[in-house]
Amino acid sequence: MVRLSTWFVLAFAGLAVPVHAHDWRALPPLPVQVRGAYMGVSGGALLVAGGTEAESDRVWAIETPEGTWREAGRLPVAMGRGASVTTDEGLLCLGGADASGPRADVLLLTWDGAKLTTVALPPLPHSCVGA
């Protein structure tokens, strides 16, 4: 059984999760094409947020490797191409860009299994894209 805290994201080979030490299983495809998204874990679910496509304010969640993706919520603004870090508190989204250019936003996304909470934290000292 995979512990959900052991999610692992392969940035260029698609999404996969370890089942055993050398056994990987592909996750179901996302309902939409996503590039440049913020990715990480919160509340035991893998979150994929934002990106560079149209409607890139969406946040998707999947709670088990056999599960289905569902729309968990939306970012305050459509953005992507920033850095993301999984923390004990949730998924931290740093910088990125929107249609008007680079951003310095810092957002904390927290998933409780039913609801996505987004908290805006103090911004970065400078905008940061593609970190």
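Visitor: Where is Arg81 found?

Guide: Arg81 sits in the loop between strand S7 (70-74) and S8; strands here are DSSP runs of E, at least two residues, numbered from the N terminus. This is a predicted model, where local features need pLDDT of at least 70, side-chain atom pairs count only at pLDDT 80 or more, and totals for chains, interfaces and linings use all residues. Residues are numbered from 1 along each chain as its sequence is written, and side-chain values use heavy atoms, with hydrogens and water left out.

Visitor: What's the phi of Arg81?

Guide: Near 65 degrees, a positive value in a residue other than glycine. Arg81 is also partly exposed, at 42% relative accessible area; buried is under 20%, exposed over 50%, partly exposed in between (1.4 Å probe, protein chains only).

Visitor: OK, the sheet. What order do the strands come in?

Guide: S8-S9-S10-S11, an open sheet with antiparallel pairing. Two strands pair if DSSP finds at least two bridges between them. The edge strands are S8 (83-86) and S11 (116-121), each pairing on one side only.

Visitor: How many residues of S9 are buried?

Guide: Eight of the eight in S9 (residues 91-98), so that strand is largely enclosed by the rest of the structure.

Visitor: And how many bridges does S9 make with S8?

Guide: Four, with Thr86 partnering Leu91. The two strands form a hairpin with four residues between them, and Gly90 in the turn has a positive phi of about 150 degrees.

Visitor: What about S9 and S10?

Guide: Seven bridges there, and a hairpin joins S9 to S10 through two residues. Leu94 stands opposite Val106 in S10.
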